[in-house]
Amino acid sequence: MSSLRCGREALPGLFLTPFFLFCLCIAPLSTHAFTANFLGDYEEVAVMEVSGVYDALVDDQWNHEPRKVIAREFYRNHGDDYDFLVIFTNFDFLLPEIGAAAYFTPVQNQIQGIGLDLFNYSSDYSPNGSALSRLQGTIDMANLSNHVLDPADAGFETTLKVLAHEMSHRWGAYV
């Protein structure tokens, strides 16, 4: 099993809106259900060890269960104070499209007039099955090694653009 440490000081521009950043460490793949184990918060980054298939699609179907398991484990240890759960991994996994750098999974929409039906799946992401008031969705940023994390590096702007693009799916994708 591996461990990964990354800190808020490496990503200051990402902390302008309430969301939580994850770093996931992979354990050997298992034929059992997907699991997530909270290892701790390190400089305001939650680190989890996960096991199972994390691919975005499995048999051409969305694989939401890993994101739900991660959210439930996160909310066991943190309050309902986050609009987005941003997930970086330390392993590669299949994204929904070839060439995608990241992707957004919506959890709820309580806003009319943006071209999207009203829905709320937040209870699936809650450890006790109750609706979460704030969680709008999860953002999978993929393997941490695919992103520049140093704000002094010109490539950091691309990381921010990818995150902003995924976040814009929440309110702007269907207008």
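Buried means under 20% relative accessible area, exposed means over 50%, and partly exposed lies in between (1.4 Å probe, protein chains only). In a regular strand, side chains alternate between the two faces of the sheet. Strands (E, at least two residues) and helices (H or I, at least four) are DSSP runs numbered from the N terminus.

The model is predicted: local features need pLDDT of at least 70 and side-chain atom pairs count only at pLDDT 80 or more, whereas totals for chains, interfaces and linings use all residues. Residues are numbered from 1 along each chain as its sequence is written, and side-chain values use heavy atoms, with hydrogens and water left out.

β2 and β3 pair in the antiparallel sense over seven bridges; two strands count as paired if DSSP finds at least two bridges between them. Ala 46 in β3 is the bridge partner of Asp 41. The two strands form a hairpin with two residues between them, and Glu 43 in the turn has a positive phi of about 50°.

## Loop residues with positive phi

Most residues other than glycine have a negative phi.

## Nonpolar cores

A nonpolar core is a set of buried Ala, Val, Leu, Ile, Met, Phe, Trp, Tyr and Cys residues joined through side-chain atoms within 4.5 Å. The largest has 25 residues, and those with the most contacts inside it are Tyr 54, Ile 70, Phe 74, Tyr 75, Leu 85, Phe 93 and Leu 135. Two or more residues each come from β2, β3, α1 (65-77) and β6 (84-89), and α1 gives the most, with five. A second, separate core of twelve residues includes Phe 104, Leu 149, Leu 163 and Met 167.

## Asn 143

Asn 143 is found in strand β10 (residues 137-143) and counts as buried because its relative accessibility is 8%. Its side chain makes a polar contact with the side chain of Asp 92 (3.0 Å).

Key. Polar contact = N/O pair within 3.5 Å; in protein donor to acceptor, adjacent residues only side chain to side chain.
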